Amino acid sequence: MISVSQGRLQDRLPVSVIDIGSNSIRLVVYEGLVRSPTVLFNEKMLAGLGRGIVSTGRLDPEAVTRSMAEFRRFRCLSEQAGAERMFVLATAAAREAVNGPDFIARAEEVLGTEIRVLSGHEEAYFSGLGVISGFTPVDGISGDLGGGSLELVDIKGEIRDVGITLPLGGLRLQDMAKNSLAQATRIAREEVARAGLLKNGQGRPFYAVGGTWRNLARLHMEMTNYPLGVMHHYEIGIDSAASFLRQVAKGDVEKTKGIEGISKNRRSLLPYGAIVLQEVLAAMKPSKIIVSALGVREGFLYSLLDAELQKADPLISAAEELARLRSRSTTHAHELAAWTGTTFAAFGIDETEDEARYRQAACLLADIGWRAHPEYRGKQSLNIIAHASFTGVDHPGRAFLALTNLFRHEGLFNDSAAELQSLATPRYLERARLLAASMRVVYILSAAMPGVIPRLKWEKQDDGVLALVLPRELAGLYGERPVGRLAQLAKIANRQLVLAVED
């Protein structure tokens, strides 16, 4: 029986996924099969099963031997982590190699479970589902670059076609081109020309999936001094991408700023990843590149959820889980989310769909730092939120969430996170202060406990002043501090506000 600590959600049964790729093999144990799964344990090996497959037609023999030893370890780790179920997926190299069936049979014996060898269309489908699971909404072309193949699929809320698989994975392209970058460019151009669906993506985002492209994005972050080191939903403009990719595609990556942060085993494939991405961009002419940290594994798990759970908001789901783990009262957090919505409406403030989602998430996260020393609650909360493994939120929105918590704890004009403030749009920055000011009023009226916030009402007086009205039985909560906090809110909101007690 696994002992689960208070830092784990008690209603979760872990599941594990082993992903057998052409270049890497990875074990990921997730805390549970839920809308926004949290990684409980993660380990990979760069096996290189697909190295040399172009010339030999077979999986690399040394990589096969190493993989079998690692499978034994992965099985033990999965059991040690308490995984209720273990799913094993294999992709391009295993399905295409002459000795693929023998390799799969041996691996199944070691792992003690059936291995699902994905077809090219299935790989594209699950990768597309991974993107759908991590963004709200999705409208563009998803491209998953592995070691053996590139999967492309058109997504507009849902997957619109069966997708296409091209033999352009980093290892395969390196082998086909015989280490010639010029030849790799010719091959990539010819293969990408077959992907007619890319024309449908003109003016829409391209969602980049896969380790090589994530490493390219990491280098781009370093070169542009980007202020937030979170990969998921990192956006790259087309002009910026073009000059960057030209530089990497030349092959001299060892002199590139930030290269020390990339595994040496991964570096040799970066130019090939850059070449493929160049050709995709030339054929598609997208509006921008958006990096996805989610792919086949997450898409496969998403496919196992029922339809209702698939429709749940991944950001709200993750924020609610964090509130359950770290806040004083999740009920209070939900009350705060409802009340701030009413407050914004009373102030005549319109919200887009994303702004409403982000406000709700910020309220769910508002109390996660309460155990820290009061002087550090804001900074601690900001760091947790800014770098959390949230999905369904872009980087300006993530900055909004983090800054709201900072302002709520450390003052509405705290400037200790200047780089993050530069990432938020002026509109988000203004709303972060407004939301934080609202929180600062109700937290000292409710003592962070449920039951008070729903009883606070906004009433418009004859003179046009908005009154925040306490019920008579809660008149004892009236005092200098809440009056002062309401005055701060009035200044931020540019409205006349008073605190009153019900007649």
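In what order do the 3 strands of the open sheet run? The order is β13-β14-β15, and the pairing is mixed. This is a predicted model.

**The sheet and its helix**

β13 (457-460) and β15 (497-501) are the edge strands, each pairing on one side only. From one strand to the next, the twist averages 35°. Strand β14 (residues 466-470) runs parallel to β15, and 5 bridges join the two. Val-469 stands opposite Ala-500 in β15. Helix α21 (residues 480-493) lies across β13, β14 and β15. Its direction makes an angle of about 150° with β15.

**The annotated domain**

UniProt, in an unreviewed entry, places the feature "domain: Exopolyphosphatase C-terminal" at residues 315-498. That span is 59% helix and 6% strand. Its end C-alpha atoms lie 34 Å apart.

**Cavities**

A search of the whole structure finds 3 cavities of 30 Å³ or more. The largest cavity holds about 450 Å³ of space. It has 30 lining residues, and the closest to its centre are Asp-19, Ser-24, Asp-144, Gly-146 and Gly-210. β1 (15-20), β6 (139-145), α8 (211-223) and α12 (296-303) each give two or more residues to this lining.

The second largest cavity holds about 80 Å³. Its lining includes Trp-213, Phe-244 and Ile-289. Here α8, α9 (238-249) and β12 (288-291) each give two or more residues.

The two linings divide by residue class as follows.

Notes. Residues are numbered from 1 along each chain as its sequence is written. This is a predicted model: local features need pLDDT of at least 70, side-chain atom pairs count only at pLDDT 80 or more; totals for chains, interfaces and linings use all residues. Side-chain values use heavy atoms; hydrogens and water are left out. Two strands pair if DSSP finds at least two bridges between them. Helices (H or I, at least four residues) and strands (E, at least two) are DSSP runs, numbered from the N terminus. Axes are lines fitted to C-alpha atoms, for helices over the stretch in contact, and angles run from 0 to 180 degrees between N-to-C directions. Contact means heavy atoms within 4.5 Å. UniProt positions are given in the numbering used here, feature names are shortened, and annotations may be inferred rather than shown by experiment. On a 1 Å grid over the protein atoms alone, a cavity is a set of points where a 1.4 Å probe fits but cannot get out, and a pocket is an open set with protein on both sides within 12 Å along at least five of seven lines; lining residues have an atom within 4 Å of a point. Grid points are joined across faces, edges and corners, and a volume is the space filled by probe spheres set on the points.
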